[in-house]
Amino acid sequence: MEQNAGLRNVAIIAHVDHGKTTLVDALFRQSGVLRPGRDVDERIMDSMDLERERGITIAAKNCAVTWQGVKINIIDTPGHADFGGEVERALSMASGAILLVDASEGPLPQTRFVLRKTLEAGLPVLVVINKIDRKDARPQDVLNEIYDLFIDLGASEEQLEFPVLYAIGREGVAMRELGEQGRDLTPLFETILERIPGPVHDPGEPFQMLVADLDYSDYLGRLAVGRIMHGHVGAKEALVCLGEDGVAKPLRVTRLQVYEGLRLVEVESAVPGDIVVLAGIEDVTIGDTVCASHSPKALPRIRVDEPTVAMRFGINTSPLAGREGKIVQARAIRDRLHKESLRNVAIRVEEGEDHEAFLVKGRGEFQMAILIETMRREGFELSVGRPEVILRHAPDGAVLEPVEHLYVDCDEAFMGVVTEKLAQRKGRLLNCTNGGTGRVRLEFSVPSRGIIGYRDEFLTDTKGTGIMNSYLDGYEPWRGAFPTRFTGSIVADRPGAAVAYALFNLEPRGTLFVEPGDPVYEGMIVGEHNRENDIDVNATKEKKLTNLRAAGKDENVILTPARRVTLEHAIHFVREDELVEVTPKAVRLRKSELSAKRRYQIAGATKK
């Protein structure tokens with residue numbers, strides 16, 4: 001086996017908001033990728049609109065910089081466990097990883113998740129403690145926590161001897177020791193070259209590449225992205241693609257590209273270990289092997305964790321269907337979901353019995369919300385149901401459910417209400433740490449279904465100051481039923497436009513979701529009821545006019561501002577018999593059965 005000393009493939013892994021993408025910006029600037037004085041946006045790698053709006057990385061992306069004649073391929077990975085499939089396929093291209101940890105927050109749940117995947121892949125890790133300029137920074141304590149985390153995850157002796165750097169990613173400086181005066185990121189570049197090995201390959205093996213990502217170009221068609229494991233490849237070369245069935249499908253590469261900075265550059269050939277983009281491959285999926293036609297040999301496929309959450313996607317069947325979106329057909333929704341499952345290895349799609357609904361399985365409700373938001377921005381109209389956890393069955397027939405290890409950071413004053421609410425959801429308190437700063441860190445074991453819908457309630461209970469993170473801790477026996485919502489729904493009983501007079505009289509009943517002039521229809525949820533039961537109301541009722549005039553009769557109606565429903569709130573709010581109607585212009589809540597009469601009949605039959 002030989003090493004390609006002129007190349008390094010490095011994945012940057014971290015918890016959400018620990019500074020990955022900001023550090024990559026600084027690497028670009030100091031490696032010469034960005035011309036001095038050039039006006040560029042912050043967080044260049046967050047190219048999707050949703051990534052910029054939410055300040056998180058959703059999809060793993062590649063780029064390359066050159067330092068002292070060595071090409072460094074950088075893979076920016078998501079920090080959220082819901083996008084774990086992106087992390088797993090990104091690590092298949094890397095030969096080492098940079099673990100970024102906040103100097104104040106320390107290792108958090110997603111740090112554990114991404115690090116576990118890296119250690120399982122056997123990759124060497126370089127630790128960077130970032131944001132050491134924070135007032136509440138505690139780098140030495142955080143370093144001890146990182147050592148504890150490595151030991152807890154079963155790191156080998158070689159992996160435990162990781163190098164440590166201290167950085168301020170926003171200023172683009174890194175230091176080997178605390179107290180040094182950092183000037184730039186030279187120590188980080190030097191440590192990458194010293195401690196991250198070049199990709200290993202067998203010079204006697206023919207060309208092999210594992211497809212780790214898919215893209216699409218209007219000019220070139222489907223693009224396959226992956227790392228060359230062995231051998232060389234040239235443009236226009238005849239190759240074969242080995243799918244999961246092992247059948248060799250012939251193909252010819254029409255264009256061969258490699259990463260150079262943020263751009264893709266066309267080349268005539270590529271060396272072992274490099275990350276390349278092949279054009280001209282139509283029938284390919286993530287995990288396939290592209291190899292030489294004279295010696296086809298498949299590489300181990302990318303395997304990802306099983307999905308834990310399922311949601312029903314279907315066509316929009318409300319009376320307002322087709323008014324706000326361009327794409328409403330079941331066939332179009334099916335094709336879009338299938339395309340997503342090809343690009344995202346963590347998502348699976350199953351067709352329903354009526355061929356107008358589809359069961360989409362993934363890692364978490366946040367991943368589902370991102371998919372739905374992306375589709376509505378593309379012009380789709382659809383209806384989605386409440387996220388449901390995917391259960392398993394033990395060999396003895398016992399029902400098993402996914403369980404999360406939940407970390408909560410909140411003020412001491414809110415500790416009681418948080419513990420009470422999670423206990424109602426079958427959560428168990430595992431640990432409580434009080435550092436004497438006025439805030440406590442709590443650890444719970446909670447069923448995954450108990451966290452669905454709790455985040456909004458948690459922010460309300462902690463007055464927006466609480467932090468909540470979790471990771472999947474495995475499957476445990478079913479912990480029993482618990483109420484998902486203690487409030488009912490206020491449901492419109494007829495179509496029309498909401499009227500201020502009617503809404504004013506409904507305000508004492510609960511919190512309203514609509515404003516005067518908004519369209520409503522029978523079965524649409526217009527508010528949250530104060531009590532547990534649902535009520536049907538007339539939201540279009542107008543004030544009766546008479547020919548009598550009296551003082552105070554025509555006083556102006558002043559309404560409390562309605563709570564506008566966001567997509568995440570809607571997904572968490574709905575019950576099993578309710579749906580979320582999603583269009584490019586609106587998010588509405590509705591009953592699965594729109595007819596009030598039919599709902600009463602179903603409720604009566606259920607009681608019998």
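**Helix pairs and an open sheet in a predicted model**

In helix 1, the residues Leu23, Leu27, Gln30 and Ser31 meet Thr186, Leu188 and Phe189 of helix 7, where contact means heavy atoms within 4.5 Å. By class, this contact of helix 1 with helix 7 has four nonpolar, three polar and no charged residues; Ala, Val, Leu, Ile, Met, Phe, Trp, Tyr, Cys and Pro count as nonpolar, Asp, Glu, Lys and Arg as charged, and the others, Gly among them, as polar.

The structure is a predicted model, in which local features need pLDDT of at least 70 and side-chain atom pairs count only at pLDDT 80 or more, while totals for chains, interfaces and linings use all residues. Residues are numbered from 1 along each chain as its sequence is written, and side-chain values use heavy atoms, with hydrogens and water left out. The chain averages a pLDDT of 83, and 91% of the residues score at least 70, pLDDT being the predictor's confidence in each residue, from 0 to 100. Over residues 38–47, however, pLDDT stays under 50, and for this stretch the model has 36 contacts beyond four places in sequence.

Two packed helices are described by the angle between their axes and the distance between the axes. Helix 1 (residues 20–31) packs against helix 7 (residues 186–195) at an angle of about 90 degrees, with the axes 11 Å apart, and the two are therefore roughly perpendicular to each other. Axes are lines fitted to C-alpha atoms, for helices over the stretch in contact, and angles run from 0 to 180 degrees between N-to-C directions; those under 35 degrees count as roughly parallel, over 145 as roughly antiparallel, 65 to 115 as roughly perpendicular and the rest as oblique. Helices (H or I, at least four residues) and strands (E, at least two) are DSSP runs, numbered from the N terminus.

Helix 4 (residues 109–120) and helix 5 (residues 139–152) pack at about 50 degrees, with their axes 10 Å apart, which makes helix 4 oblique to helix 5. Thr111, Arg112, Leu115 and Leu119 of helix 4 make the contact with Leu149, Phe150 and Asp152 of helix 5, and these residues divide into four nonpolar, one polar and two charged.

Turning to the strands, eight of them form an open sheet in the order 14-13-19-10-11-18-15-16, with antiparallel pairing. Its edge strands, strand 14 (248–252) and strand 16 (263–266), each pair on one side only, two strands being paired if DSSP finds at least two bridges between them. Within the sheet, four bridges join strand 13 (residues 238–242) to the antiparallel strand 19 (residues 289–292), and Leu239 stands opposite Ala292 in strand 19.
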